[in-house]
Amino acid sequence: MSDAQPPALLSHRPLDNSRALLHRAVDLGLDFTSGELRDGLVLRHATIGQLIDRFAEPVPVAGTGNEQLLESLAEIASWSISQADPRYLAFPDTGDSIAALAADIVASFLNQNLIAFDRSAPAASVIEAQLITWLRELVGYPVTPLADYEGLASLGGMWTSGGNMSNHVAIAAALTHTYPEVRRSGLRAVPEQPVILLAGGVEHFSYLAAAQALGLGTDGLLWADATPDFTSDPDSVARLLASPPPGKRIFMVVGVAGNCRTTGIDDLQALAELSELHNVWFHVDACHGGSLLFSEKLKMRLAGIENADSIALDPHKGLFVSYPSSYVLFRDPAALGRFARYPDRAHDPDCLDLGLITPFYGSRGFESLKLWALMKHQGVDGIGRLVEDRQATFQKMVDLLERTGCFRMLGTSDFYRCAFVFLPTPVAEALEQTALPAAHHAAVRDLISHYTAAFADRLYRAGTVVFDLFALQDLADRLGLGTGAKYQAMGMCVGHPHIPDEIEHGIERDITEAARDLAGRMLEDLRALLTSANPASSTAGPDVTGPAGW
Ligand SMILES: *Cc1c(COP(=O)(O)O)cnc(C)c1O
């Protein structure tokens, strides 16, 4: 057979031939990780148009051979961004656990279908149930040891494809818990408007998406205040719980354990107590903060999480596991059991068909093997050390940002992410020395946003250092220009437990170089603006361009 028509299926190929091809695929992956395939950059930048030009082609009618396939894969890799590169500082999703990668490869071969035990996923169903039990133990939930397995209704958790979906499932469960009639009659059976209470300014977009998708509507979200340190304000939550707007009933309070913009962590215990007092479901979104549960030293930052009715965890975020890996857990396992397709079977200890209690999903793969493998490989202690080392590295990187004199922080946290704008010291000093009339505030905010975006973009296009770029309010009024308006802000999120010194120095050098002429121009623009009687301010809102903007 010619190379142009290679056998498609493993079972039709000589084993050695398959082995060679797969080994080369793994080598390609490693060359991507090492940077060889991306010219030593975090990414080789190209626009959408450029990449469409490169990859657009007609439906392939005749197949290509092995060699051409590998070439195409290498080409795709060479235009991919590496979140595992230590100079990638936009998001913590390094996905570079070696155990998880190995498990991912094996899981692809196994191709188990977690919809059912018999005929689909025998060992895999047990492994996933075990993992959920481990996660329950880590968050401090009551646990039925796997050896005493009592049926699906006692499992109390499920895998999902991401925090977005974990939050959807938690909301659906809270709704079904509060209004059992919804299962049969839908939302029209509910006499009042059910609403979710969450703090504005620190919220993740998934709540709005879920409200729209689940039939609650945008009006199904009730906004509490956020504090200046970007956490949900318990006093505001207390006030709204005590007197919700007429016609509305709060059925869920959301606590955020690490918001997506500054990773500020809510006072979960306070929110748990308030929710309990008002008999309202308490959901903790620990998509970022969940990794802290692995550290004896750091997990007290999440004190109170064990009192949540539901918890979203996102191991593909900040826990070194590749996408997709997310879990939603329920303190009372019956909450998930309520979705059982056949409720009687959910109490049958001889049934482990996960598809019976996993809403939104039918057939799905053995993604849980990745986190299971990481936990086996490193143990909770090993993972805890990685998480602790990452905290120290984050602090070191914050020091680096401050040392450059290029930025002003809008929000910091003692977790792993901070948000800041480009405001070099000479520009900041010029601002401080001026008694700025209020009429100038909007124009100065626009100037700061403009240069922040320009700076972040310059580094990003160079492919040397990647910060996040997203919209953020200055809730603590650190810039003195008001708290209501949004800036284009940069985010730095440290996903790596270690960043070698020479890489750190390289980052510092690249920042300083990129800032040099921008700082001069910004100062000139500021001076022009300060002397003008009627400073122009563009009304266009900031673009959402980085992961936290999601
Ligand atoms: C990232 C994030 C999510 C959504 O998670 P995905 O895995 O992107 O679907 C939800 N909540 C918070 C707080 C997040 O940071």
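In β8, which residue is the bridge partner of Met-158? The partner is Val-328. This is a predicted model, in which local features need pLDDT of at least 70 and side-chain atom pairs count only at pLDDT 80 or more, while totals for chains, interfaces and linings use all residues. Residues are numbered from 1 along each chain as its sequence is written, and side-chain values use heavy atoms, with hydrogens and water left out.

Begin with strand β2, residues 157–160. Strands here are DSSP runs of E with at least two residues, and helices are runs of H or I with at least four residues, numbered from the N terminus. β2 and strand β8 (residues 326–330) run antiparallel and are joined by four bridges. Two strands count as paired if DSSP finds at least two bridges between them. Besides the pair already named, Gly-157 has Leu-329 as its bridge partner in β8.

In a regular strand, side chains alternate between the two faces of the sheet. In β2, Gly-157 and Trp-159 point one way, Met-158 and Thr-160 point the other way, and all are buried. Buried means under 20% relative accessible area, exposed means over 50%, and partly exposed lies in between (1.4 Å probe, protein chains only).

β2 belongs to an open sheet of seven strands with mixed pairing, in the order β2-β8-β7-β6-β5-β3-β4. Its edge strands are β2 and β4 (221–224), each of which pairs on one side only. On average, neighbouring strands of this sheet are turned by 20° against each other, direction ignored. For such angles, axes are lines fitted to C-alpha atoms, for helices over the stretch in contact, and the angles run from 0 to 180 degrees between N-to-C directions.

Next, look at strand β10, residues 417–422, where six of six residues are buried. Strand β9 (residues 407–411) runs antiparallel to β10, with four bridges between them. The two form a hairpin with five residues between them, and Gly-411 has Ala-419 of β10 as its bridge partner. β10 is also joined by four bridges to strand β12 (residues 486–493), again antiparallel. There, Phe-420 has Met-490 of β12 as its bridge partner.

On a 1 Å grid over the protein atoms alone, a cavity is a set of points where a 1.4 Å probe fits but cannot get out; a pocket is an open set with protein on both sides within 12 Å along at least five of seven lines; lining residues have an atom within 4 Å of a point. Grid points are joined across faces, edges and corners, and a volume is the space filled by probe spheres set on the points.

The largest pocket has a volume of about 1,200 Å³. It is lined by 38 residues, and Gly-29, Phe-32, Thr-33, Gly-95 and Leu-101 are the closest to its centre. Elements giving two or more residues to this lining are α1 (15–34), α3 (66–78) and α4 (98–110), and α1 gives the largest share, 10 residues. Domain 1 (12–76) and domain 2 (105–379) both contribute lining residues, so the largest pocket lies between them. These domain bounds come from an automatic or database domain assignment.

A search of the whole structure finds one cavity of 30 Å³ or more. The largest cavity holds about 90 Å³ of space. Of its 16 lining residues, Gly-290, Ser-291, Phe-294, Leu-313 and Leu-319 lie nearest its centre. Helix α5 (residues 122–139) gives the most to this lining, with three residues.
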